[in-house]
Amino acid sequence: MTYKTKRKIRTLLNRQKKTPYILCPNCNPIPGDEIVGFKEEGNERITIHRRDCKTAIRRASHEGDKIVAINFDSDDELLYPACLKISAIDRYHLLIDLVDCITNSLKLSMKSINSVCTDEIVNCTVEFFVHSSNELHEVISNISEINGVDEVKLCNPL
């Protein structure tokens with residue numbers, strides 16, 4: 001490999017390290033999601049959106065020239081916010097089972113849990129942190145198996 005080629009590779013790698021990613025707070029993309037990146041005006045930052053994010057769709061129609069290809073791989077040390085809406089039949093220890101499923105069984109950190117019970121139906125929103133979309137789908141699958149849980153879905157992106 002020539003010196004010139006090595007220098008180009010080194011420059012490219014350094015440029016990639018200097019390009020910080022910003023995660024869209026509306027759709028909270030995580031590694032493994034179908035994503036799209038937008039280069040921000042005047043700097044090297046790239047905002048990452050889930051492909052179905054309303055903000056990304058709007059930006060793509062107006063700022064298609066700013067779309068960039070990015071590599072958004074999971075990292076065992078990084079955590080990403082996730083939010084689920086859960087509907088279940090109210091019963092003794094339901095919330096304990098939900099918390100146990102996320103924190104003890106999967107060893108994930110929770111940010112918040114909010115539940116409202118109407119006519120013995122619990123509607124619960126749970127915010128927590130995951131490493132990847134595979135881990136998020138594992139959480140969804142495990143919660144779906146909890147006795148009394150009727151529906152588990154992602155919180156809607158804004």
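Modeller: What follows takes the labels one by one and sets each against its cut-off.

Biologist: What kind of model is this?

Modeller: This is a predicted model. The protein chain has 4 helices and 8 strands. From the N terminus the elements run α-β-β-β-α-β-β-α-β-β-α-β.

Biologist: What is the strand order in the open sheet of 4 strands?

Modeller: The order is β1-β3-β2-β4, and the pairing is mixed.

Biologist: Why do β1 and β4 count as edges?

Modeller: β1 (21–23) and β4 (67–68) each have a single partner strand, so one side of each has no neighbour in the sheet.

Biologist: How do you know that β1 pairs with β3?

Modeller: Pairing takes at least two bridges between the strands. β1 and β3 (residues 46–50) are joined by 3 bridges, so they pass. The two strands run parallel.

Biologist: What makes the span of α4 close to the expected one?

Modeller: Helix α4 (residues 133–144) has 12 residues. The expected span is 1.5 Å times one less than the number of residues. For α4 that gives 16 Å, and the first C-alpha to the last also reaches 16 Å.

Biologist: Which residues of α4 are buried, and how do you know that they share a side?

Modeller: The buried ones are Ser-133, Glu-135, Leu-136, Val-139, Ile-140 and Ile-143. They cover an arc of only 160° around the axis, which puts them on the same side of α4. They pack against β5 (80–89), α3 (94–105), β7 (121–130) and β8 (149–154).

Biologist: Why is the pair Arg-51 and Glu-34 called a salt bridge?

Modeller: The cut-off is a side-chain nitrogen of Lys or Arg within 4 Å of a carboxyl oxygen of Asp or Glu. Arg-51 and Glu-34 meet at 3.6 Å, N to O, so the pair qualifies. Arg-51 lies in the loop between β3 and α2 (54–62), and Glu-34 in the loop between β1 and β2 (35–39), so the pair ties together parts that are 17 residues apart in sequence.

Biologist: What makes Glu-34 exposed, and why is Arg-51 called partly exposed?

Modeller: Exposed means over 50% relative accessible area, and buried means under 20%. Glu-34 is at 59%, so it is exposed. Arg-51 is at 49%, so it falls in between.

Biologist: How do you know that Arg-59 is buried?

Modeller: Arg-59 has a relative accessible area of 14%, and the limit is under 20%, so the label holds. Arg-59 meets Glu-63 in a salt bridge at 3.1 Å, N to O. Glu-63 is at 22%, so it counts as partly exposed.

Biologist: Which residues are linked with Arg-59 in a network of salt bridges?

Modeller: The network links Glu-40, Glu-41, Arg-59, Glu-63 and Lys-66.

Biologist: Why is the contact of Asp-97 with Arg-91 a salt bridge?

Modeller: Their side chains meet at 2.6 Å, N to O, and the cut-off is 4 Å, so they qualify. Asp-97 is at 28% relative accessible area. Arg-91 is at 25%. Both values lie between 20% and 50%, so both residues count as partly exposed.

Biologist: How many salt bridges does the structure hold?

Modeller: The structure holds 8.

Biologist: And how much of the chain is buried?

Modeller: Buried residues make up 33% of the 158 residues.

Note on methods:
Residues are numbered from 1 along each chain as its sequence is written. This is a predicted model: local features need pLDDT of at least 70, side-chain atom pairs count only at pLDDT 80 or more; totals for chains, interfaces and linings use all residues. Side-chain values use heavy atoms; hydrogens and water are left out. Buried means under 20% relative accessible area, exposed over 50%, partly exposed in between (1.4 Å probe, protein chains only). The arc is that of the directions from the helix axis to the C-beta atoms. Contact means heavy atoms within 4.5 Å.
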